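Here is a short report on one protein chain. Look at the sequence and the model first, then read on.

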Amino acid sequence: MRRAMGWKSIIKRLVFGYRGTSEAYIAKLRKLGAIIGDDVTIHVPQSTTIDITAPWLLSIGNHVNITGPATILTHDYSWSVIKGMTGEILGNERPVSIGDNVFIGWGATLLAGSCVPNNVII
């Protein structure tokens, strides 16, 4: 018997896409243009958010573990502070690079422009 989805589940699927397993989520990110190495695991993919605004700016090395809830962003709107002077809202896109043998733990947030070297625990 199939369970009915609540409105929160429907919204999450529409906004973030389905992330049933680590493998499915990684496959989706690769399809969108992210470079992801071998032996990468996203534990609890349902609570991990990886920015798909500019996925080609994301590079994840080999032997990486990400546990949720974690957030990885390749864009932000920090430049929106200019809005007060010019009226424009400007976005910012920068690459995020995660090296080999990295563990990204509970609650970590990597902002646009982050570069995590090899053998690091966050």
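## The open sheet

What order do the strands of the open sheet have? The order is S2-S5-S10, three strands with parallel pairing. Strand S2 (41-43) and strand S10 (103-104) stand at the edges with a single partner strand each, so one side of each has no neighbour in the sheet. Strands of a sheet pair through backbone hydrogen bonds, either parallel or antiparallel.

Strand S5 (residues 65-67) pairs with S10 over two bridges, in the parallel sense. Asn-65 has Phe-103 in S10 as its bridge partner. Two strands count as paired if DSSP finds at least two bridges between them.

## About the model

This is a predicted model: local features need pLDDT of at least 70, side-chain atom pairs need pLDDT 80 or more, and totals for chains, interfaces and linings use all residues. Residues are numbered from 1 along each chain as its sequence is written, and side-chain values use heavy atoms, without hydrogens and water.

## The whole chain

The chain has three helices and twelve strands. These are DSSP runs, numbered from the N terminus: helices (H or I) have at least four residues, strands (E) at least two.

Of the 122 residues, 34% are buried, meaning under 20% relative accessible area (1.4 Å probe, protein chains only). Take contacts (heavy atoms within 4.5 Å) between residues at least 6 apart in sequence: 41% join residues at least 24 apart.

## Around Ser-114

Ser-114 lies in the loop between strand S11 (109-110) and strand S12 (115-116). The Ser-114 side chain reaches the backbone oxygen of Leu-111 at 2.6 Å. Leaving out residues up to four places away in sequence, Ser-114 touches Pro-95, Val-96 and Ser-97.

Conventions: Buried means under 20% relative accessible area, exposed over 50%, partly exposed in between (1.4 Å probe, protein chains only). A polar contact is a pair of N or O atoms within 3.5 Å; within protein, one must be able to donate a hydrogen and the other to accept it, and residues adjacent in sequence count only if both atoms are side-chain atoms.
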